Amino acid sequence: MALFSKAPAADKDVERDESYYTAGQYTLIWERFRRKRSAVVALAILIAFILCGVFAPFLSPYEPNAAGRNADYVNGAPQIPQFCDAAGCSIRPFIHKVERYRGADTNFRWVTRPTEERNYVVFFPSGWDYKFLGLSMDRHLFGVEDGFMHVFGTDSGGKDIFSRLLHSIGVSLAVGTIGVLISFVLALVIGGAAGYFGGWVDTILQALMDTVKAVPTIPLFMAMAAFVPQEWSAEERFFFISMLLGLLGWSTLARRIRTHVLAERNAEYVLAAQLSGASAAQIIRRHLLPSFTSYIIVDLVISFPYMVLSETALSFIGLGLKDPVNSLGVMLQNVTRVDVLLNYQWYFIPVPFFIGLVLAFVFVGDGLRDAADPYSEPK
Amino acid sequence: MSAFLRYITTRFFAAFTTMLLVSFLVFTLMELVPGNCAERFLAYKDTQGLKITAEDILAEEIRMGLDQPYVIRWANWVTDIFLRFDLGESCLWRVDVTQLIGDKLLISLGLSFVALLLTYAISVPVGIISANLRDGWFDSSLRIFSYMGLALPNFLLALCVMLFSTIYFGETMTGLFSDAYRDAPWSFAKFADMMSRAWLPIVILAWSATAIQMQTVRALVSDEKDKLYVTAARARGQSGWGLLWRYPSRHALGPVINSVGYDLNRIFNDLPIVAAVLVLTDAGALLLDALAKSNDQQLAGAIIMALTATIVIFNFVTDIFLALFDPRVRKGFF
């Protein structure tokens, strides 16, 4: 696969062997993509995020909902595993146990305070049951010998923020995927029809695209999300919100597909297909689409973070996903309270992870866009 | 001249059609909300101890004209808005929506416009400078800034600002008015109070739009910079910033001016959420209230219509503006 291995990137006079000229489109795109370091790093991070989302039940030590709460450690600070304390060092990482205490010095109120006792970290302990690929499992990556360990602390319900974060990554990716797929199908049908038929069909569909594009989406999302009856289950809400994101997010993509179709429509191969009696749908699907699949993939990757961000915003104001389902927006719902801002700053730990997720998508998208553009190549 | 008038007329009709379509979309959405205005109002009365029967609801529906077919109600709604600026009556409060949102909408539009101005005041010059210093440290730090603008949405930025200001200054910096002026009638002192607090929401609202627009300006100017007419100008002895400003920048700014409406759209998108975070009592928060808490569809529809109308009007104005000031377009008219 080392098509470009001989050529240093700075060298303008790139030497290429025979395989370059016979390589397929995707091989070429991958080779161009590979040479951009930021994009490759972003891709690695993105894959790591996806794996985190998929294997969230295995990676998280506790259930991310009320069932996994630690009632004795509410609003608890992060417990970072350590190797050394006042009593010396150990090879196994450990945390200190906590105890509930009430006495004259605390004004007879219950407080949670750390003790000197060590609680060693164990790997692959058995914990709560979960289903993975249809198998019932109860092994998790890590835990402690006795009681709970909260790497990122706990929230006001005593739920483990680390476990919630891992699950919310999975949820955000799932919402984004469904949203992008729906908007992709809509964009394909509407943009494809506008570009292929032209004339009055094009005029009407373009007016539609302009209209959808002119309406500020978030207020519209809010208006539509308000339909969701309170008694809907978390899963129903989840699918409804993902559908909404897809139903309102297609206009930009549709315009781009229209432009592509418009540019390719008068090519000879389309005329040949028409003369052979192919139907419009067949020509669009079999002949026109494959000619710009790579561009569509790029557009999908680029529009992905917008879906994730819209979902976050909606959930944050309480119109999106609701509690048993975790997402960044859900987790941030209560952080504007002053006592949280002052005392429980670990509520904000998920924020940098989500910035990382969005940035990874943006960099991969940018890298793909440059790689898919045949003119970006050094001559 | 007549060609120009014809151009204005076509643009006007295009904008008008868009608004009609938008109104249809918004009206349909309002209809889809479960339950109608009459039920909602009477359900509210029900909580006040009044007994409500099915006949009462029917009578109220007839009074409000809700028994008429869908299309006719839409037509009534639209003509009221377009001809009389009458946005209807709020479902819950039984007051004219115009009266209810009047000055709040003005405040939000004001905030958004200032944010828009700030966006261009920063992004245009910085984008041009960055294009000229391509691949230097200034350019790369700018690129990181732009990516942050995308990855850190405005409301998260607002949250972070709140976090830091609470920790370091002991104040959350929320609200648009201090306690003393919240319910006071409009006066110069109230205005000054608002201005002393408004800078934060304005900066936060402008954040993403600035970051993205900066990248756009940079890309556009970069593209123009290598074209032959610039080389020709250089050959005639022009150089430095003067050259950059007179030739590539002026060409590059056309598409930028054209996208003003969409930047406004971006800012409006952030308005309700930033308003919720920073506890601003403007239209954005009102919309949130109308939808999340009370399902007041008349009010929500009116606000979305008002916001979209502003964007469409902006697009119309920038089209005309471009036609007047871009010599390539103007040539066809005069």
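Predicted model: local features only at pLDDT ≥ 70, side-chain atom pairs only at ≥ 80, totals over all residues.
Biologist: How many helices and strands does chain B have?
Modeller: Read chain B from the N terminus. Its elements run α-α-α-α-α-α-α-α-α-α-α-α-α-α. The totals are 14 helices and zero strands.

Biologist: How many helices and strands does chain A have?
Modeller: Chain A contains both kinds of element. The totals are 15 helices and six strands.

Biologist: Which side chain makes a polar contact with that of B:Ser23?
Modeller: B:Ser23 sits in helix H1 (residues 2-32) of chain B. Its relative accessibility is 1%, so it counts as buried. Beyond its neighbours within four places in sequence, it touches B:Trp74, B:Trp77, B:Val78 and B:Met305. The polar contact, at 3.2 Å, is with B:Trp74.

Biologist: How many residues apart in sequence are the parts tied together by B:Asp319 and B:Arg11?
Modeller: The two residues form a salt bridge, with the closest N and O atoms 2.5 Å apart. B:Asp319 is buried at 14% relative accessible area, while B:Arg11 is partly exposed at 32%. B:Asp319 lies in helix H13 (residues 297-325) and B:Arg11 in helix H1, so the parts tied together are separated in sequence by 308 residues.

Biologist: Is A:Asp299 buried or exposed?
Modeller: A:Asp299 forms a salt bridge with A:Arg256, the closest N and O atoms being 2.7 Å apart. A:Arg256 lies in helix H9 (residues 251-264) and A:Asp299 in helix H12, so the pair links parts 43 residues apart in sequence. A:Arg256 is partly exposed, at 38%. A:Asp299 has 10% relative accessibility, so it counts as buried.

Biologist: How many salt bridges are there between chain A and chain B?
Modeller: The whole structure has six salt bridges over all chains. One of them joins B:Glu224 and B:Lys227. Between chain A and chain B there are three residue pairs in polar contact, both residues at pLDDT 80 or more. The count of salt bridges between the two chains is zero.

Biologist: How many residues on the side of chain A that touches chain B are nonpolar?
Modeller: The chains bury about 3700 Å² between them, 84% of it on carbon and sulfur atoms. Elements giving two or more residues to chain A's side include helix H6 (199-214), helix H12 (293-316) and helix H15 (350-372). That side has five polar and two charged residues. Its nonpolar residues number 31.

Biologist: How many residues of chain B are in contact with chain A?
Modeller: Count each side of the interface. Chain A contributes 38 residues. The number for chain B is 40.

Terms used: Residues numbered from 1 in each chain as written. Chains lettered and ligands numbered in written order. Heavy atoms only, no water. Contact = heavy atoms within 4.5 Å. Buried area = accessible area lost by both parts, 1.4 Å probe. Salt bridge = Lys/Arg side-chain N within 4 Å of Asp/Glu carboxyl O. Polar contact = N/O pair within 3.5 Å; in protein donor to acceptor, adjacent residues only side chain to side chain. Helix = DSSP H or I, 4+ residues; strand = E, 2+ residues; numbered from the N terminus. Nonpolar A, V, L, I, M, F, W, Y, C, P; charged D, E, K, R; others polar. Buried < 20%, exposed > 50% of the residue type's maximum accessible area, 1.4 Å probe, protein only.
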